[in-house]
Amino acid sequence: MDRSIPGGDLIGRWSLSFADIDFVNSKPALTRLGLAAQRKFFASLGFFATDPGSIPTDGLSYLAEQLGVEAGEIAGYDFSSRTARRHCAEILIHLGYHRMKRGHRAQLTEWSAGELCPGGHRGADRRLSGRFVASQHPRAQVRHRSIRQLVSAHQPDRAAGDG
């Protein structure tokens, strides 16, 4: 795997802001490069690194230069330690992430139903309507009809209950 970064991306994606530098410098010296690497790796790729080998060497060297340390110090950072896991949680908080609450979940469901699937079926079965939203693609419509048939086959017969 090529772990080099094009020049423009290196500066754009791996530069530490003043807030990032303050955040990193608030930690013990031995963990700063690892913390900074995790911070920029997450911002760049959307997940945390599991080992130092997954961090692009160009990005690591650039971060070390910004922090005034040697890139080889990353070898002292244990990516599977409790400290590293705590750093990941602190990075998420630093970036403004938080757990989704029930109200947020309801807003997301409403938004996705209205914006992503405006013509989607608002299911006859409420248990499925929150989990499955049909798209306008013909195959999805067939799949959705199959789900409705499955649900109706497992529901009690309403005609038998009325008599």
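Two residues are in contact when heavy atoms lie within 4.5 Å of each other. That idea runs through this report.

## The model as a whole

This is a predicted model, in which local features need pLDDT of at least 70 and side-chain atom pairs count only at pLDDT 80 or more, while totals for chains, interfaces and linings use all residues. Residues are numbered from 1 along each chain as its sequence is written, and side-chain values use heavy atoms, with hydrogens and water left out.

The protein has 9 helices and 0 strands. Helices (H or I, at least four residues) and strands (E, at least two) are DSSP runs, numbered from the N terminus. Read from that end, the order is α-α-α-α-α-α-α-α-α.

Of the 163 residues, 30% are buried. Buried means under 20% relative accessible area, exposed means over 50%, and partly exposed is in between (1.4 Å probe, protein chains only). The protein exposes about 11,300 Å², and carbon and sulfur atoms supply 54% of that area. Accessible areas come from the Shrake-Rupley method with a 1.4 Å probe; for residues, only the protein chains shown count as cover.

Residues 24 or more positions apart account for 64% of them.

Two packed helices are described by the angle between their axes and the distance between the axes. Axes are lines fitted to C-alpha atoms, for helices over the stretch in contact, and angles run from 0 to 180 degrees between N-to-C directions.

| Helix pair | Angle | Axis distance |
|---|---|---|
| α3 (residues 32–45) and α4 (residues 57–67) | about 130° | 10 Å |
| α3 and α5 (residues 82–94) | roughly 55° | within 10 Å |
| α2 (residues 18–25) and α5 | roughly 150° | within 12 Å |

The α2 and α5 angle makes α2 roughly antiparallel to α5. Angles under 35 degrees count as roughly parallel, over 145 as roughly antiparallel, 65 to 115 as roughly perpendicular and the rest as oblique. α2 passes α5 in a right-handed crossing. A crossing is right-handed if the near helix is turned clockwise from the far one by less than a right angle, and left-handed if anticlockwise. Ala19, Asp20 and Phe23 of α2 meet Glu90, Ile91 and His94 of α5. By class, this contact of α2 with α5 has 3 nonpolar, 1 polar and 2 charged residues. Ala, Val, Leu, Ile, Met, Phe, Trp, Tyr, Cys and Pro count as nonpolar, Asp, Glu, Lys and Arg as charged, and the others, Gly among them, as polar.

Next comes α3 with α5. These helices are oblique to each other, and their crossing is right-handed. On α3, the contact uses Leu35, Gln38, Arg39 and Phe42; on α5, it uses His87, Cys88, Ile91, Leu92 and His94. The contact of α3 with α5 holds 5 nonpolar, 3 polar and 1 charged.

The crossing of α3 and α4 is right-handed too. Here Arg32, Leu33, Ala36, Ala37 and Lys40 in α3 meet Leu60, Leu63, Ala64 and Leu67 in α4. The residues of this contact of α3 with α4 divide into 7 nonpolar, no polar and 2 charged.

Is Arg39 buried or exposed? Arg39 counts as buried, at 10% relative accessibility. Arg39 sits in helix α3. Leaving aside residues up to four places away in sequence, Arg39 touches Asp20, Ile91, His94 and Leu95.

In α4, the buried residues include Leu60, Leu63, Ala64 and Leu67. Gly59 and Tyr62 of α4 are also buried. Just after α4, Gly68 takes a positive phi of about 75°.
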